[in-house]
Amino acid sequence: MRLVKRRWKDVRVGDFVRVLSNQIIPADILLLHTSDPNGVCHMETANLDGETNLKQRRVVPGFSTPGKPFQPQTFSSTVVCENPNNNLNVFKGYVERPDKRRTGFGIDSLLLRGCTVRNTDDAAGIVVYAGQETKSMLNNSGPRYKRSKIERKMNTDVLFCMLLLFFMCLIGALGHSIWLETFTTMPSYIVPDRNGNYTPSVLAGFYMFFTMIILLQVMIPVSLYVSIELVKMGQIFFITQDVELYDEELDSRVQCRALNITEDLGQIQYVFSDKTGTLTENKMVFRRCTIVGTEYRHDENAARLAVVSGANEEEEDTLYQQTKLPKLPLEELQDSHTGDKNHANTQVTAANRHRSRVAAGAQCDMAFSTPLETVVVPDRKLTLEVDRQMASILSGPYLDFFLALAICNTVVVSTVTAQRQRDKGRSNSDGSFHIMGQWFRKGSLRNVFSSMKFFKRDGETLADPFAKDEDEPDMFHSSDVSDSTTGQKVLSSEGEVKRSLSRTEEVCYEAHSPDEAALIHAAKAYGFTMVERTPYHVTVKLPDDTLLKFEVLDVLTFDSTRRRMSIIVRHPHTNEIIMYTKGADSAIMERLGNVFSDMSQVDNVAKQIAVKTQKDLDMYARDGLRTLCFAKKVISEKEFKAWFAIRQEALSAIDEKEERLMDTATNIENNFTLLGATGIEDRLQENVPETIQALRRAGMQVWVLTGDKPETAINIAYSCKLLDHEQDLVFTFSTNRKSVCKMRLEDTLGEVRRSSLSPGAEVQFRGNNSGFTLMEHSIGLVIDGPTLSMAMSDDLVEQFVELCKHCRAVLCCRVTPLQKSSVVKLIRQKLRVMTLAIGDGANDVNMIQAADVGIGVSGQEGMQAVMASDFAITRFKHLQRLLLVHGHWCYSRLANMVIYFFYKNVAYVNLLFWYQFYCGFSATAMIDYWLMILFNLLFTSAPPIMFGIMDREVSDSTLLSLPELYKTGQHSEGYRRSTFWIAILDAFYQSLVCFFIPYWTYNGSDIGIFSFGTPMNTVSLFTIILHLAIEIKSWTVVHWVIMIGSVLAYFIVTLAYSAICTSCNPPSNPYWIMHKQMADPMFYLVCTLTTVVALLPRYTLHVLRGTLAPSPHLGARQLERLPPSRREQRIREWRGLRDTCISPSLRSQEHSSSPCPTA
Amino acid sequence: MKNEGETTERPDNTAFTQQRLPAWQPILSAGIIIPGFLLIGLAFIGIGVGLFLTSQTIQVLEWDYTGIAKDSPCFSCTIPNTPNCTCEITFALSELFKGPIFFYYGLSNYYQNFRRYGVSKDYNQLTGDTQYFKSPQNFCFPFDFDSKKNPIVPCGAIANSMFNDTFELYQIINGTKKQVPLDGKGISWWTDYNLKYRNPVPVDGSFPKAFDGTVKPINWPKPAYELDLTDQNNNGFLNQDFLVWMRRSALPDFRKLYRRITEGDYSGGLPAGNYSLTVHYNYPVMSFDGKKKVVFSNVSWMGGKNDFLGIAYLVVGSLCVVMSVVMLIVYAKFKFSDDDV
């Protein structure tokens, strides 16, 4: 056997290919051999989906030949697999050996093209898909084409333009016919045919119709489409360049994946958000656990977490005191509650600092490995308990619990030797062993150090820093608890940390989900360290440094239907077959060994444990923790064998493999013994409440759709200010019966309608007492998945939508990905609103694709959401800037540009049209063709594009501080049908002026055709450019250069063209005309007068509108001129006025004194 | 630890990329607009007055000589088939008609801007390229070949329809006619005469020989090389009248320069007295309701007489002034809403 080097393009299906470490895989290869003794191969899929953790691939069962080189000659089986498809996570097929034995394989045996082999010296296999059929190529369908709202509207307006063109051509055709009819004998200027006959006038008119189309076709703004693309490219450039949207930690900017819907960002009315990873960090932090009914609070760990954030708060406080007057502690407390703007700002900076510090620790290029997540300070009580069991019996629920924590997962261990070696870049982490050790130590020491410092501070000042955060445990609440006790605790926990550190330095985990990472680190903190994982074994180091090597019999992977995963292992000491399971509480609790179901055989202890655990779980949920239950089951040898046979069959199945696998899993996963549960905190991302509030004030409805349970979801909703304890009237819908659902829906709707009826009275009330509006309840709706599907059934959907319209906030819990997308679709279609969906995980992909704008948060959960999205950001708070600033800018820029473009084309083309009335409708152009083409192509193309990219009516800071300004985009105020027609009318007016002033000036004189057209062309240019100048809101250097450059280009090109071309463009002869005109003072007089007359109405209108009915934007622009201190005050006033400015009648009384925002 | 210098993705923090370029953000405020309007208004009124007054100083004399009315002197020439018809227009000047005087002929309802008419000429012929004499370009159709397939030079409808009335102006002094010398030089564009149009190179020293094998345009009485019998250099494509005619008018009512009165006793203009204009009436316009006229005009810096522009400037200027007053009232009423804070 000899290996030959081949180019990628020569790789064919059926070839045997060997890939070495760090090489890129050339095709989709079914793995048949690896150098790894366990038959695994690691690959990095970052090229494919951006996920940086290593994926493990296994040789097709039964083909592994450890230690021997690959022998393709001996491979005589038939590989059967499914047709090529683009699903990166599903692949199925089987290998049929000569003796008809079939072995099934799945995605875990497939090496995907474009991925890189890591940690494996060589891997070999047979090519199953090559070239265009590979999964990665099939995934390269390119971004999906969405058409933005403006573009849809624009297309109808283009139709109007075509209609207009049609009528103009019709007028031309009729006019020509009639004109020809007026002659009894043909004059010498009408050209006959060869025989001296003239075309009949009707036929000539018919021909003229088409000639006119050619002459006036510029009316249809084809160049608009090109310009829009250019503008969007520019807009995207600026969005991605925004340094405020840059994430230092991930070193990534905002990504614009869809290139053509930037302006939709400025028109969003409904925001649908995922919770986990979007509103929250998705950095799971182990907080609490309950084991066999006993709850361990992990107060020390809580204190550590508090210290991480507390250290920042301390800094922030000092900062705050430096900038502001010194305050009494009481006031300080109040400030932090009222959320004063300054305060919020310093919080931002502090949080940023915190984040960057956290980021600084994460030099290892792995997911979920910041010290925040990895370091867990063990609970002292629990440690004692574990030690006791370790010392005495070497078994027991505590050990089982931690073993389950350590092994019931899919985490891959990377040790120093197995550390992936990369060829280049910042991810090179040679010798990460030392670095890791360092930052373990550093992190914990710093924590301890700061906590000490904090206690000291605590002792000195009476202000209680923890009182601010209500979620914190109250262990530090009373400063009477003497320093000695807390100090002792800290000391002990420090010792604990050291202890755990000394054991665990040499491993590095690569987890698929942050929950798993948090759990395995928690287990590690208690001394249960998983040190190795192969497909067949998993090795755990116990607290007493003994190694326990379990044989892995099977892994039942997680899926969203079962909501749990299990691992079946053989215990090395007892030889028992044990299944460890973890899963959502409902998924475990309902399958406990006859605890609740069979009341006759009540196992009192088990029942009590279950009840207690459930109680703890409820408490965790209330505290906003994510819960996971752990259970164990001992399987008898016989039972396992029987089950394993079925399992094998299912594994090798081709049809309905998924279902069969799931069935087998469900069959074995019952009769659990409950071990305990964990509470994992998913910390809220920074600035989430502020962002949600800003979006709200911008008129957006924010919905949160989550798969979490209602308690957790509601808790998060309150903490992120989606729901408000005081303001919101929250209705909760959760039922299993449709009739109940219907009744509730009707009741609520009735109630809502009653409260929102008689709006006139309400407005008056608000007007009189604006303070009262704050007290008024708005409506929040909490609905769970099953109820949601009922509410969305055909007969209830109208009422549901009606109710949703009234709700300020809607929270959907326990919804499936499909439901998420159907909710988005429902709202989008029924209410005809612009929707935005934001999410970070694979479960949000449907929703992201269903919405008008999909935003992916590139976070901890891989890249599927990002790949499906139109825009990808890294933090939820970026949404605020993306929508309120960039969205608004893009919208108003594009809307203005599109309107302007319509105007421009119509204004120019109409000049030619008016001329037809004076040339017998013969489609003569009085402007040289080349100049006409260049006029659109060169002289007037750059300014609108620049306008569309760079114009800025209101600065970003004002837009952020006055989110209300966003409403113009929502109501499509920038681009309406009326705006379009006004622009067209203005174009008609201007073209009339541009034609008739020169006409009356030159009529009866000896002016030649092109001498007549030249001033018109020039006037047109001035009018069109200055029209834009009126519209431009801020003039930067670029504006000046392009505007002046365009005018200069016109003169230079025209002069050059008419100087060079003596007769190069027959029949038109522009030679020397421009020069002759420019030597004539009349030319300048005509140009000046015409330009002024053409633009006077628009300019006057602008001025009058600015005075009589100033738009909110104008008000905002005036604010920007004020000194900063005054501005703050005005902005606050403005916000206060918002409520009183609702009715137009009230406004008219007030606008003399104050600029009210007109929504 | 992460190296600070390696953050490659970080956007440049420049004023341009962050859209923070220093910008001038004009807000239309009363302080600028009212004086602005007033200023423009006053300036326009000034220009308007200047234009109007200048226009008033320009003298224009104009006679329609189409001969539609029975009592008009040229009525007799409107009867078809009266070759070499001449008619005479007499007029009296009570005061000096200041020179230099431009003498135009004018046509109305004549669409030189008709598209198919406009393209009907061959630039290559007109630049003296004899190659195209034999095979005129298609643009000239149907005036490219005569019925015997002889190529027409100059081809095309424009040349074919060249205006061919001629005029002679006499001053009547004591009953005797004294011819007023008409200057036909330099009435066409300099660029047309010197750059754009070229005569063919004479063959064997004879200019007409260059036109061998071609025929004159159907409507022309004489071939191109005999357009001006008095001046050899004013023949062919460089004939001034031909050049003037070839420069097509933009509008159906137009005039074209015929001659200038700049020479001899009349360099200062036409003195008061009686004059007679003899018209050699050849060009038919009656069939399409056209009109012919002669125009005498002197010029100023702004060209010919043009009242419109002056009046337009005056009207727009006054409008601006009125507008500024209206604005002032509006602002007074709404208390300068941007200044009251």
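## Exercises on chains A and B

Between chain B and chain A there are two salt bridges, each being a side-chain nitrogen of Lys or Arg within 4 Å of a carboxyl oxygen of Asp or Glu. This is a predicted model, where local features need pLDDT of at least 70, side-chain atom pairs count only at pLDDT 80 or more, and totals for chains, interfaces and linings use all residues. Residues are numbered from 1 along each chain as its sequence is written, chains are lettered from A and ligands numbered from 1 in the order in which they are written, and side-chain values use heavy atoms, leaving out hydrogens and water.

**Exercise 1.** Describe the salt bridge of A:Arg253.

*Solution.* Start at A:Arg253 and look across to B:Glu9: their side chains form a salt bridge, 3.8 Å from N to O.

**Exercise 2.** Find the strand order of the open four-stranded sheet in chain A.

*Solution.* 
1. Reading across, the order is S1-S10-S2-S8, with antiparallel pairing; strands (E, at least two residues) are DSSP runs, numbered from the N terminus, and two pair if DSSP finds at least two bridges between them.
2. The edges are S1 (16–20) and S8 (110–111) of chain A, each pairing on one side only.
3. Five bridges join S1(A) to S10(A), residues 122–129.
4. Finally, A:Phe16 lies opposite A:Ile126 in S10(A).
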